[in-house]
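Good morning, and thank you for coming.

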Amino acid sequence: MRNFFTLQCIAIIILFISCSDHDENAPVFPEGSTESINLWVQDSLKRYYYWADQMPAKPDYHLPVKDFFKSLLAPQDRFSFIVNTEDPSSYPRSIRNMYGFDYTVIQQANGEVVTVIKLVLTNSPAFNAGLERGMIITKINGKTVTASNAEAMTSSMKDLTVLDLTVGGWNNGKIIDEKEIKVYYGLSFEQPLLSKVFEKNGKKVGYLYVYDFPDGMTQTFSQKFAEFKGAGVQELILDLRYNYGGSVSAAAALCSLIPSGLSSASPFIIFKGNKNGGEVKRTFSQQIAYDPKALDFNTLRTNALGLNKVYILTSNSTASAAEIVINNLKPYMQVIQVGDVTLGKDMAGFTIEDKRKPQKIRWQMHPVIYKVFNGNGTGEYSNGILPQVSVNEYVTLPLLPLGDPNETLISSVLNGTYFKSAHQGGSSEEAKILYQSDVPPIAVGKDL
């Protein structure tokens, strides 16, 4: 089952930083007090936090722990967070990780505002309730969804355990077959890969939808690419449009299966930290090996397609390790990014918690520790990675299932229509995105 940490990018557990590491002039507080916990938070961040040099010199140790942590963060930090492992309400929440679906509010060319279900996770509460990608939501808990109330409604849904949705289909510009559906709060199982093989101008085109990058994916990736190779795939469409990220090692494994010309010594990623963290460089082989369950680099390469070009489908929800795939393939092949600008998480981190036995501090930190760069040293995409080809997913309703050759982003590649919209914004003016429910939960790191 998925927990709240679906965005994890790097995972390392570090030991409790003892009081002996404190500055000699640091205050002393009773063990177990809020102030003593805050001092631990400060000490930890001084050592590991990417923006440690921007932390305030004299913070207010009397603040509640969560507020104290926030008071230390740099203004540009969108991703660091802290949770109390004894308090489930302190964990990041989203519609996706609570109910298993996401939606977008759009304004069509005629001015009509509609709310479109864009993603339903397999074996999720939403899936089991009968929700499908492409359905239109007209009401949530009896209230009509509008551009002005969508954000507030989404926020209120995170405090509930059941949603009453009024949904319908879309046919020729009209909502049809409306019905009521209840969706209960619950967990979603790990998402399967979705693969297809299409024909394009006499060539076999592989399509692979990857929802996220959990550890232990190398065997599955290898099997999929063995199937592609056996089918004679000559081009690849990699769909990362809703991929929040995951294990950097899993991302490296996927990357190793696509281009030609890689060796075990080919550089994959550079992590750059603060003055304490320094710079860490890893090859494909080294990064893959950080997943103890991973197949080794040479085994993976036996199923590599050896391509010189890859199409990658993206959206505002493409984040973290998914962005690493885009950026870190560029030194080795032509990457044609189709869709929308990505989220812009060019950072990674690891978990900081008290590992003493018995554990005395129940708080767990997930700060930004590193900026990430590809093998050529290229990174700095905090504003997102811009697609070479801008295509609006919502230009045509209803949204078709992922993997359908007629789906907007897929067909734009298969039919070559993406050339018409390259660098022009395409038909995005015909369907304006007003609100998206899946502004990603705060991202954390998973495996360095």
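Let us begin with Glu 31, whose side chain makes a polar contact of 3.0 Å with the side chain of Lys 360. Please bear in mind throughout that this is a predicted model. Glu 31 and Lys 360 are 329 residues apart in sequence, and yet their C-alpha atoms are 9.0 Å apart in space. Glu 31 is found in the segment before helix H1. Is Glu 31 buried or exposed? Its relative accessible area is 61%, and over 50% counts as exposed, so Glu 31 is exposed. Setting aside neighbours within four places in sequence, Glu 31 is in contact with Ser 36 and Lys 360.

With that pair in mind, consider the chain as a whole. The chain holds 12 helices and 20 strands. Of its 448 residues, 56% are buried. If we take the contacts between residues at least 6 apart in sequence, 73% of them join residues at least 24 apart.

I turn now to the packing of helices. Two packed helices are described by the angle between their axes and by the distance between those axes. On the side of H1, the contact is made by Thr 34, Ile 37, Asn 38, Val 41, Gln 42 and Leu 45, and on the side of H2 by Val 65, Phe 68, Phe 69 and Leu 72. Sorted by type, the residues of this contact between H1 and H2 are seven nonpolar, three polar and no charged.

The second example is H7 with helix H10, residues 321-329; their axes come within 9 Å and cross at roughly 40°. That angle makes H7 oblique to H10. The crossing of H7 and H10 is also described as right-handed. Val 248, Ala 251 and Cys 255 of H7 make the contact with Ala 321, Ile 324, Val 325 and Leu 329 of H10. In this contact of H7 with H10, the residues are seven nonpolar, no polar and no charged.

Let us stay with H7 for a moment. How many of the nine residues of H7 are buried? Helix H7 spans residues 248-256, and nine of its nine residues are buried. Among them are Ser 249, Leu 254 and Ser 256. At the start of H7, a side-chain oxygen of Ser 247 reaches to within 3.2 Å of the backbone nitrogen of Ser 249.

Next, two aspartates. Asp 438 lies in the segment after strand S20, which covers residues 431-436. Its relative accessible area is 2%, and under 20% counts as buried, so Asp 438 is buried. Which side chains make polar contacts with the side chain of Asp 438? One is Arg 96, at 3.5 Å; another is Lys 118, at 2.9 Å. Beyond its neighbours within four places in sequence, Asp 438 is in contact with Arg 96, Asp 102, Lys 118, Tyr 244 and Ser 317.

The other aspartate, Asp 291, is in the loop between helix H8 (284-288) and helix H9 (297-301). With a relative accessible area of 3%, Asp 291 is buried. The C-alpha atoms of Asp 291 and Asp 215 are separated by 6.4 Å, although the two residues are 76 apart along the chain. A polar atom of the side chain of Asp 291 lies 3.0 Å from the backbone nitrogen of Lys 293.

Finally, the backbone itself. Most residues other than glycine have a negative phi, and most peptide bonds are trans. Where does this chain contain a cis peptide bond? One joins Lys 357 and Pro 358, with omega about 0°; another joins Leu 397 and Pro 398, again with omega about 0°. Pro 358 is in the loop between strands S16 (352-353) and S17 (363-366), and Pro 398 is in the loop between strand S19 (389-390) and helix H11 (408-414). As for phi, Asn 172 has a positive value near 55°. Asn 172 is found in the loop between strands S6 and S7, and is exposed, with a relative accessible area of 73%. Glu 380 also has a positive phi, near 55°, and its place is in the loop between strand S18 (370-374) and S19.

Thank you for your attention.

Terms used: Residues are numbered from 1 along each chain as its sequence is written. This is a predicted model: local features need pLDDT of at least 70, side-chain atom pairs count only at pLDDT 80 or more; totals for chains, interfaces and linings use all residues. Side-chain values use heavy atoms; hydrogens and water are left out. Helices (H or I, at least four residues) and strands (E, at least two) are DSSP runs, numbered from the N terminus. Buried means under 20% relative accessible area, exposed over 50%, partly exposed in between (1.4 Å probe, protein chains only). A polar contact is a pair of N or O atoms within 3.5 Å; within protein, one must be able to donate a hydrogen and the other to accept it, and residues adjacent in sequence count only if both atoms are side-chain atoms. Contact means heavy atoms within 4.5 Å. Ala, Val, Leu, Ile, Met, Phe, Trp, Tyr, Cys and Pro count as nonpolar, Asp, Glu, Lys and Arg as charged, and the others, Gly among them, as polar. Axes are lines fitted to C-alpha atoms, for helices over the stretch in contact, and angles run from 0 to 180 degrees between N-to-C directions. Angles under 35 degrees count as roughly parallel, over 145 as roughly antiparallel, 65 to 115 as roughly perpendicular and the rest as oblique. A crossing is left-handed if the near helix is turned anticlockwise from the far one by less than a right angle, and right-handed if clockwise.
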